[in-house]
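Here's a quick briefing to keep beside the viewer. Have a look at the sequence and the model before reading on.

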Amino acid sequence: MHTPTPLTLLATAQMASAATVFLAGDSTMARAGGGSGTEGWGEFLQASLPSADFTIANRAIGGRSARSYTREGRFQGIADEVKEGDWVVVEFGHNDGGSLANDNGRSDCFGEGEETCDTVFGGVKETVLTYPAYYKSAAKLFLDKGAKVILSSATPNNICEGGPCVWGPSRFDYYAWLAASQLGGPEAGVFHVPHGEYAGQAMMALGSETVNAHYPNDHTHTDAFLANVMAGSFVLGLKCGTSELGAAVTNSTESLAEPFGDCIEFNSTVPVKY
């Protein structure tokens, strides 16, 4: 019978006491989410957090929206595991648009409030909610378990495709902020990272030639180099914010600012609604 050594027992105790940072998202966050040659930014987040205090559980999966992640029970699955002191990062948007007229099972109901849309998907009647409603519903699951939540906007598609790099907010950038705000914001344990804007800023700093070289298959999915940039831009957004998770980031603000840009003053006047 193997007898644990003191070092083994210490390592086990440290792992048990570490908070888990769950990542809920789509292919842009998931491991190799866009196929051969691609990588999701979630695979690089651990490098910016002390491993003795935080472990990453990347539950992102390709092709998902806030709606389909909800319908498949994936938010609930995280809620079943999450414990007090954990964090959950929610980031969707790439698959949430589109029309329900030809329902693909991913499109959300258009709107920013409690609007609903009735549809039939896969032969099953479904009441579809808005993007902010799905974000808020998921966040409440985690808050009820004592976790804290970061509602993030999605990384943009290649903003340098076909010319100079140009970024502009989408309605989902606004929706992600709105959901966090309506839940009570930092005082309620809900934080927002405008990841889309931070990623756009980083891509503009890199320039078209570099950015275009690191989208190997399409204009959505990055390779490992640019996934690391996307992770760095998210970490800068954390560091510039007020969350305890941001305070735990091991990178200095200065070291992040040099490659990724400055802190962005983000409030309700920044994003557009539609």
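What is the handedness of the disulfide between cysteine 240 and cysteine 263? That disulfide is left-handed, because the torsion about its S-S bond is about -80 degrees. The pair ties together distant parts of the chain: cysteine 240 sits in helix 8, while cysteine 263 falls in the segment after helix 10 (253-260), 23 residues apart. Bear in mind that this is a predicted model.

**Disulfides**

- The count comes to 3 disulfides, and with the bonded cysteines numbered in sequence order they pair up as 1-2, 3-4, 5-6.
- Cysteine 109 is bonded to cysteine 117, with an S to S distance of 2.1 Å. The torsion about this S-S bond is about 60 degrees, so the disulfide is right-handed.
- Cysteine 109 has a relative accessible area of 3%, so it's buried, whereas cysteine 117 comes in at 21% and counts as partly exposed. The cut-off that matters here is that buried means under 20%.
- Cysteine 160 and cysteine 165 are joined with their sulfurs 1.9 Å apart. Their S-S torsion is about 105 degrees, which makes this disulfide right-handed. Cysteine 160 and cysteine 165 are both buried.
- In the left-handed bridge, the sulfur atoms of cysteine 240 and cysteine 263 are 1.9 Å apart. Cysteine 240 is partly exposed at 25% relative accessibility, and cysteine 263 is partly exposed too, with a relative accessible area of 43%.

**Helix 8**

- Helix 8 covers residues 224-240, which is 17 residues. From its first C-alpha to its last it reaches 24 Å, close to the 24 Å expected at 1.5 Å a residue.
- Helix 8 is mostly covered, with 12 of its 17 residues buried. Among them are Leu226, Val229, Met230, Phe234, Val235, Leu236 and Leu238. The buried set also includes Gly232, Ser233 and Gly237.
- Aspartate 223 caps the N-terminal end of helix 8. One of its side-chain oxygens lies 3.2 Å from the backbone nitrogen of phenylalanine 225.

**Cavity and pocket**

- Searching the whole structure turns up 1 cavity of 30 Å³ or more. The volume of the largest cavity is about 80 Å³.
- The largest cavity has 16 lining residues, and those nearest its centre are Thr28, Glu39, Thr155, Thr220 and Thr222. By class, this lining has 5 nonpolar, 10 polar and 1 charged residues.
- The second largest pocket holds about 210 Å³ of space. It is lined by 13 residues, with Ala154, Thr155, Pro156, Ser170 and Asp173 nearest its centre. The lining of this pocket splits into 4 nonpolar, 8 polar and 1 charged.
- Thr155 turns up among the residues nearest the centre of the largest cavity and also among those nearest the centre of the second largest pocket.

**A backbone angle to look at**

- Alanine 32 has a phi near 50 degrees, a positive value in a residue other than glycine.
- Where does alanine 32 lie? Alanine 32 is in the loop between strand 1 (19-25) and strand 2 (54-58).
- With a relative accessible area of 38%, alanine 32 is partly exposed.

How values were computed: Residues are numbered from 1 along each chain as its sequence is written. This is a predicted model: local features need pLDDT of at least 70, side-chain atom pairs count only at pLDDT 80 or more; totals for chains, interfaces and linings use all residues. Side-chain values use heavy atoms; hydrogens and water are left out. On a 1 Å grid over the protein atoms alone, a cavity is a set of points where a 1.4 Å probe fits but cannot get out, and a pocket is an open set with protein on both sides within 12 Å along at least five of seven lines; lining residues have an atom within 4 Å of a point. Grid points are joined across faces, edges and corners, and a volume is the space filled by probe spheres set on the points. Ala, Val, Leu, Ile, Met, Phe, Trp, Tyr, Cys and Pro count as nonpolar, Asp, Glu, Lys and Arg as charged, and the others, Gly among them, as polar. Helices (H or I, at least four residues) and strands (E, at least two) are DSSP runs, numbered from the N terminus. The expected span of a helix is 1.5 Å times one less than its number of residues. Buried means under 20% relative accessible area, exposed over 50%, partly exposed in between (1.4 Å probe, protein chains only). A polar contact is a pair of N or O atoms within 3.5 Å; within protein, one must be able to donate a hydrogen and the other to accept it, and residues adjacent in sequence count only if both atoms are side-chain atoms. A disulfide is a pair of cysteine sulfur atoms within 2.5 Å.
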